[in-house]
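Q: I have a structure open and want to go through a few spots in it. Can you help me read it?
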Amino acid sequence: MLKMIKSILIANRGEIAIRIAKTATKMGVLVYCIQTNREANALYLDFADEIITLEENPNGSIFLNAEELIRLAKEHQIEAIHPGYGFLSESPYLASRCKDEGILFIGPSEKAIYTMGNKGMARNIAQKSGIPVLAGSTTNITNFYDAKAWVEQIGYPVIMKAVAGGGGKGMRIVRSADELELMYKLVTNEAKSAFNDDSLLIEKYIESPKHIEIQVLADQHGNAIHLFERECSIQRKHQKLMEEAPSVAVSDDLRNKMGEMALYLCRKINYHTLGTVEFLLDKDNRFYFLEMNTRVQVEHPITEAITGIDLIEQQIKTAVGEKLELQQGDIQRKGWAIELRINAEDVQADFSPNPGIIDRMEFPECSFLRVDTGFENGKLIPPSYDSMITKLIITGDNRQEAIKHALAVIENTVIKGVKTTIPFFKLVLNHPDFINGSYNTSFISEKLDKPFFQEQDEEKAAAIMALQAYLNEKQKIESNLTHKEDSAWATKMRNKLF
């Protein structure tokens with residue numbers, strides 16, 4: 001057994017910072033967290049052994065500043081950095097700089113992050129590995145004329161994706177030639193603004209697929225296992241709202257095939273630590289590679305619930321260099337789990353953020369509920385960060401019981417002071433398409449669109465509010481310092497790899 005790290009800097013906030021801190025503390029690792037002036041009294045600070053206080057640049061976030069994170073780790077002699085999810089969790093630049101400075105990055109290698117973070121590269125590697133992929137462009141698209149040529153070759157409908165995209169940003173569906181130029185401009189503008197890279201990938205678009213992802217875990221000694229699948233088809237704006245594990249649509253045979261291909265991809269790129277290989281499943285049960293996320297997922301708790309394995313602990317151990325103690329045959333599935341992401345959002349206004357102070361927050365006490373949250377009564381949900389308040393992880397011996405438990409939990413959950421997605425989940429959990437498992441990624445737009453609006457004027461008002469929220473979000477885009485760092489580093493990495 002290798003020597004375990006003694007200290008870790010959690011380069012994140014909210015519930016994921018608490019989640020990491022709990023496991024690190026259990027492992028005997030000293031936890032450092034960063035206190036910012038945006039959240040001076042944040043709940044996650046209560047779980048730190050040491051708090052680093054700093055005045056944050058109003059034009060940027062410390063969690064997006066790789067060099068500042070490195071400086072803090074060195075100044076406080078911290079051995080490792082855990083990026084959580086979001087922010088710099090999939091930044092090859094941060095991983096590379098950690099390696100340069102002798103700091104352990106709790107994640108895969110910078111090469112793996114860079115390769116799988118580029119949708120075009122990831123797609124090409126998957127295709128060469130024999131994993132099914134959708135028809136699509138084989139090179140990065142950097143101008144409208146090439147985009148038009150590829151679309152004419154692939155055929156409508158298509159989906160345009162920012163090569164460096166993530167979190168649902170930089171994606172548009174194009175169903176006809178009349179939409180092509182407008183959608184191209186929207187995607188490239190958003191990609192340039194959010195990722196400092198406006199190059200695109202175009203793929204054939206599958207109407208109403210299921211979104212299935214495979215949780216993988218690998219060490220640095222060639223060993224890799226998968227921990228079954230999660231279904232993430234309840235989405236809005238290509239962003240997940242709720243998940244369940246396992247999926248009612250995945251048979252044992254299909255699960256084995258998808259799992260084997262996910263592990264083959266891991267071995268192909270010498271991947272280690274946690275990762276998630278995502279697929280689209282069409283109505284004929286044919287699956288296609290979508291992307292790979294090289295970090296811990298928001299929805300990881302439902303995999304923990306059905307396997308009994310602490311994924312953060314395994315992530316830390318494999319990052320240190322320990323061999324996996326688990327083999328594929330050791331992974332047993334028990335029961336069913338559903339995760340509800342309770343966000344501070346106005347569902348009526350197209351899920352626009354609704355930040356504010358939580359006046360009252362209560363959850364039922366029951367054996368089948370796990371609550372992961374970064375807030376408590378009186379805490380501010382800041383407008384500058386993600387709107388998620390809490391994750392409710394509900395279990396049952398089978399899917400029917402898990403849904404029954406989820407309904408009981410959501411009916412007895414109280415959050416006052418901000419608008420939340422609680423009413424939305426009541427609709428979903430009672431909907432026959434969800435109950436029978438036939439739902440897909442078009443569920444919200446096709447099944448739950450009109451129930452949100454009672455009158456035409458209300459729908460118009462909601463649209464205006466959503467537009468304003470979008471414009472406000474644009475104004476709050478973080479400093480592009482990190483993107484500039486990544487761009488310079490990426491040029492070196494491309495030269496090195498290719």
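Q: Phenylalanine 228: buried or exposed?
A: Buried. This is a predicted model, and in it phenylalanine 228 has a relative accessible area of 10%. The cut-off for buried is under 20%, so phenylalanine 228 counts as buried.

Q: Where does phenylalanine 228 sit?
A: In strand β10, which covers residues 224–236.

Q: And what is its phi?
A: Phi of phenylalanine 228 is near 70°. That is a positive value, in a residue other than glycine.

Q: Glutamine 77 has a positive phi too. What value?
A: About 55°, and glutamine 77 is not a glycine either. Glutamine 77 lies in the loop between α2 (66–75) and β4 (80–82).

Q: Is glutamine 77 buried or exposed?
A: Exposed. Its relative accessibility is 69%. Exposed means over 50%, so glutamine 77 passes.

Q: Back to strands. What order do they take in the open sheet of eight?
A: The order is β13-β12-β9-β10-β11-β14-β21-β19. The pairing is antiparallel.

Q: Which strands stand at the edges?
A: β13 (287–293) and β19 (369–373). Each has a single partner strand, so one side of each has no neighbour in the sheet.

Q: How are neighbouring strands turned against each other?
A: By 25° on average, ignoring direction.

Q: How many bridges link β9 and β12?
A: Nine. β9 is residues 210–218, β12 is residues 273–281, and they pair in the antiparallel sense.

Q: What stands opposite valine 216?
A: Glycine 275, in β12.

Q: Now glutamate 213. Where is it?
A: In strand β9.

Q: Buried or exposed, that glutamate 213?
A: Buried. Its relative accessibility is 0%, so it falls under the 20% cut-off.

Q: Which side chains make polar contacts with the side chain of glutamate 213?
A: Arginine 230 is one of them, at 2.6 Å. Glutamine 297 is another, at 3.3 Å.

Q: What else is in contact with glutamate 213?
A: Leaving aside neighbours within four places in sequence, the list includes Phe228, Cys232, Lys240, Thr276 and Glu299.

Q: New topic: cis peptide bonds. Where is one?
A: From tyrosine 156 to proline 157, with omega near -5°. Proline 157 lies in the loop between α6 (144–154) and β6 (158–162).

Q: What about the bond from alanine 245 to proline 246?
A: That bond is cis, with omega near -5°. Proline 246 is in the loop between β11 (239–245) and α8 (252–268).

Terms used:
Residues are numbered from 1 along each chain as its sequence is written. This is a predicted model: local features need pLDDT of at least 70, side-chain atom pairs count only at pLDDT 80 or more; totals for chains, interfaces and linings use all residues. Side-chain values use heavy atoms; hydrogens and water are left out. Helices (H or I, at least four residues) and strands (E, at least two) are DSSP runs, numbered from the N terminus. Buried means under 20% relative accessible area, exposed over 50%, partly exposed in between (1.4 Å probe, protein chains only). Two strands pair if DSSP finds at least two bridges between them. Axes are lines fitted to C-alpha atoms, for helices over the stretch in contact, and angles run from 0 to 180 degrees between N-to-C directions. A polar contact is a pair of N or O atoms within 3.5 Å; within protein, one must be able to donate a hydrogen and the other to accept it, and residues adjacent in sequence count only if both atoms are side-chain atoms. Contact means heavy atoms within 4.5 Å.
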